[in-house]
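Hi,

Here is the structure I promised to send over.

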Amino acid sequence: MVAKFNQNDDSVVVIIGSGAGGGTLGNELAQKGVDVVMLEAGERQEYEDFVNDEWASFTQLAWKDPRTTSGSWRVSKNFPTLPAWIVKAVGGSTTHWAGASLRFQDHEFRTATVYGRIPGANLLDWPITLAELEPYYARAEEKMGVTRTGGRPGLPGNNNFKIMKAGADKLGYKECHTGNMAINSVERDNRNSCQQTGFCFQGCKWGAKWSTLYTEIPKGEAIGKLEVRPQSQVVRIEHDASGKVTGVVYVDKDGKEQRQRARVVAVAGNSIESPRLLLNSASSKFPDGLANSSGQVGRNYMRHMTGSVYAVFDRPVHMYRGTTMAGIVRDEGRHDPSRGFVGGYEMETLSLGLPFMAAFLDPGAWGREFTSAIDGYSNMAGMWLVGEDMPQETNRITLSDVKDQYGLPVADVHFDDHPNDIAMRNHAYQKGAALYEAVGATRTFPTPPYPSTHNLGTNRMSANPRDGVVNKWGQTHDVKNLFVSDGSQFTTGGAENPTLTIVTLAIRQAEYIADQMKAKSI
Amino acid sequence: MNGHQRRHAHHKTALSRRAFLRRSSELSFAAAVTITAGGALLNSSEAWALDVKGLQPQTMKTLILVARDIYPHDKVPDRYYAIAMKSYDEKAANDPGTKAQIETFIASLDQAAGKGGYAGVGWESQRVALLRAVSNSPTFETIRSGLIVSLYNQPEVWPIFGYEGESYSQGGYIKRGFDDIEWI
């Protein structure tokens, strides 16, 4: 019997967002006997409804509500109203992600200490260590079925991976394999194994890729403790005179305002909407935004140093066949300042279909130089470079002058590359091109960062309340019964794809919230 | 098509398929696409015709050539550029503002090109130079960015580039060559 809670029930935990953070937190709390109302702005599309068509899928799943951009980043020039490619649907961006599930490295929790002072970079050590997170990482890997962990076999290598591996061998890279992927290499958890369909980004129609949509959420619903309300966009978090959060206001699918009372509120709307919501929840008690005494809400926006290298060969590759990202070279992920930058980056196989290749290979380009590249599409291999970008206070989410359909300011996303980001990207482009040239590429392309698929840091963890928004549990420094549960918690970005760490933090946060509720501290 | 053409349409298609593989080196665009007495565009060798409702036929013809010059693919027949540009004619038929915008844009290209207009300029590189001179204009950017979807998102175009499209209904690629590369 699926739960249904009264809007005046102030004993529930309200979670805003249903993705990697919100979805996992919801189920973990439900399993511990806590009542949860999960409010998701998007619709509920089940995985049978996904479509193997890039633009149609984008229309179905992507967040398209207005945002603005500013700063010198190229995304602002080419895609001024699309700073990020993330999801507005039940399951959040776990419907669309590629499945790459890597643990952070030890030093990546201690970048201020290890990297030292980097001018312009707002580095800070996390208030937690890898050692503290390790048991939770293991539980997350088990929950998600991550390959090459817990005895789970790796996925087989597709054509795109085979080229990466051959090039990696030629360059002397030592750690190249088909990745730690939250994609079933065998049937598991009542879900199919991967059929190498090639539309991972468009949602896995087999359910082989882990997504909260068809794992955490149904499990929480089945135990009768989790109620998911789709098409329920939260517009404000309310608090009482003492500063304790009392509930949220959301707009339902008919456009009507509703209020849900809450004992605890967890914000998990991804790193653009989460700080926007806190800023839009400003009050006389919190004039700079809810839980923003530090002024750090919205700041330190990170999107990872990203870029891609595509290479054309003189024979067919068909890189779009099979998993989009099951392939990785980890050697450059180390911290090695002799390369000219701090932090490291991963090299991960990537493919786009023809429609998206035309859109993203070189946005704005035209003419024969561009079309001769597209002509080589079926002979192309590709990789995505993802590395640690520097947190900067001026890279931030603020409230725009543009208003949304409810009359509320939308988010502006401001970003400028840090010199460390540029140095790292240039190094990565060179290495990526060298890898493909070593195995016969006739032409290589450095592709600029896409609208951000990794969005981090805008409500960051800190030991000291003046340096960040939340503590080591994701609990806001200012308000005890208000939590942040998505990637906006990240103090720094590491070189690794963020989802595994978001799930890990949510598992741990659920324990803390349940304990605190039992102790009546919140 | 008249009765004669309909009876022989299958021959035309067979010929045209070969023509698809050798487009553009044989006939200039200006010669390949003619304007019928009824004001439609006709490409006999590729066997397609396009009724033109909103724009002047010569404007539509030039617009299709502009589309090809922005994103030139020798192995993509004119028909797909025509399909990509169709929506401008439809919009122009319903909205005088769009009609004026496109007619003005093409007219200024024709003027810059001199005698024979844009479509009469023989060398692609010369036509591209004319486009580059207007590439900062909003109309050019609208046309260019629109082509990213209107040209490259046509499923009929995908096989020309070797992209196989939808995959789930065929069981994915696990038995259809996901790892079949042999030359590496």
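Which residue in S8(A) is the bridge partner of Val249(A)? It's Arg259(A). Keep in mind that this is a predicted model.

Strand S7 of chain A (residues 245-251) and strand S8 of chain A (residues 257-261) run antiparallel, with 5 bridges joining them. The hairpin has 5 residues between the strands, and Gly255(A) takes a positive phi there, near 85 degrees.

Next, the core. The largest nonpolar one has 186 residues. Those with the most contacts inside it are Val13(A), Val14(A), Ile16(A), Val36(A), Val265(A) and Ala266(A), plus Ala67(B) from the other chain. Helix H12 of chain A (residues 499-518) gives the most to this core, namely 8 residues. As a general point, nonpolar side chains in soluble globular proteins tend to be buried together.

Finally, the contact between the chains: chain A puts in 37 residues and chain B 28. On the side of chain B that touches chain A, the elements giving two or more residues are helix H8 (138-150) and helix H9 (158-161) of chain B. H8(B) gives the most, with 3 residues. Split by class, that side of chain B has 17 nonpolar, 7 polar and 4 charged residues.

Cheers

Terms used:
Residues numbered from 1 in each chain as written. Chains lettered and ligands numbered in written order. Predicted model: local features only at pLDDT ≥ 70, side-chain atom pairs only at ≥ 80, totals over all residues. Core = buried A, V, L, I, M, F, W, Y, C linked by C-beta atoms within 7 Å. Buried ≥ 20, exposed ≤ 12 C-beta atoms within 10 Å, placed from the backbone. Helix = DSSP H or I, 4+ residues; strand = E, 2+ residues; numbered from the N terminus. Contact = placed C-beta atoms within 7 Å. Nonpolar A, V, L, I, M, F, W, Y, C, P; charged D, E, K, R; others polar. Pairing = 2+ DSSP bridges.
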